[in-house]
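Open the model in your viewer and show it as a cartoon.

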Amino acid sequence: MYVDFHTHGKLAKYLPFSTEYTDWLLNEAKCAGLDAICLTEHFNTQQFELLYRYIATQGTCQGDAYVFDGLKIFPGMETDIAEGGHVLSIGPMEAILELNHRLEPYKAKGAFLPAEELMELFAEYPVLVGAGHPFREEGHIPELPPKVLKRFDFLDMNGKDIALDRQRTEKLTYALGERLHRPVVAGSDTHQAVQYGCIRTRFEKEFDTISELRQEMEAGRYTICVHPEAAFKVKTAGFLKRSLKEIHALGGDYVSVLLRQNGESPAVLKAKGQME
């Protein structure tokens, strides 16, 4: 079972939620060979709840996951901390939605919660907590006090960082995992589908609950797979993301441009029966 622990359902935080764009992402994740993703959207993205309610209503509930055409989606969130850095959380849908609501006062830059306070909040819910890309520039997760670091359940071996400097990222992330006695799993950190598959985690068995995910992760019954062209996939995704954001900034419809076939929008094609 191939799992991506760090993904996004939108192109950018400030852009409105698009069902067409999210549907495209989920379809591309499956096409990239993934069996499951953890949807760890930024906690302060526009329309966070709308995105997750869409997943809950359109997907088929299976354990703690929601299934879209065979792809399992585990709800999650990526939260900024005051010290600098990002914390991942993965858990049942209602837990993630309630946590996001409680974090409402802390969504603006300068108002982020300190890591210890965030960990106290997460401890009230049945969620897995991960250190997102712990060695990325401007992040300070490795410098947190030991009592805070020990509250992480896993570390994120991040696809973007692997693409930039694989040797450094693997060396530092695995060393921190060994020091904390915590598992290291893989996340692509994609906002744009070309990046899916640059790195993924292969588990030995299938599962669809957070408790099973924790059990398999802590038992170490998995391997991390890095795509031989990971750097190219990440670089290409970055170019496309910037181009789509520029289309939006200029007043265009980036979703329609991305998904257009034969010069017609996805909505028109769907009406004509040319899209599934």
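Among contacts in the chain between residues at least 6 apart in sequence, what percentage join residues at least 24 apart? The figure is 72%, where a contact means heavy atoms within 4.5 Å.

This is a predicted model, in which local features need pLDDT of at least 70 and side-chain atom pairs count only at pLDDT 80 or more, while totals for chains, interfaces and linings use all residues. Residues are numbered from 1 along each chain as its sequence is written, and side-chain values use heavy atoms, with hydrogens and water left out.

**Whole chain**

Select the whole chain. Its C-alpha trace spans about 55 × 40 × 35 Å along the principal axes. A compact globule of 276 residues would have a radius of gyration near 19 Å, and the chain, with 18 Å, agrees with that. This radius is taken over C-alpha atoms, and the globule rule is 2.2 Å times the number of residues to the power 0.38.

Colour by secondary structure next: the chain has eleven helices and eleven strands. These are DSSP runs numbered from the N terminus (helices are H or I, at least four residues; strands are E, at least two).

Of the 276 residues, 52% are buried. Buried means under 20% relative accessible area, exposed over 50%, and partly exposed in between (1.4 Å probe, protein chains only).

**Strand β7**

Select residues 128–132, which form strand β7. Is this strand largely enclosed or open? Five of its five residues are buried, so β7 is largely enclosed by the rest of the structure. In a regular strand, side chains alternate between the two faces of the sheet. In β7 both faces are covered, with L128, G130 and G132 buried on one side and V129 and A131 on the other.

Two strands pair if DSSP finds at least two bridges between them. Look at I90: its bridge partner in β7 is L128.

**Strand β10**

Move to residues 199–203, strand β10, where four of the five residues are buried. Which residue of β10 does Y2 stand opposite? Y2 faces R202, and β1 (residues 2–7) pairs with β10 in the antiparallel sense over two bridges.

Finally, select residues 222–226, strand β11, which is antiparallel to β10 and joined to it by five bridges. The bridge partner of R202 in β11 is T223.
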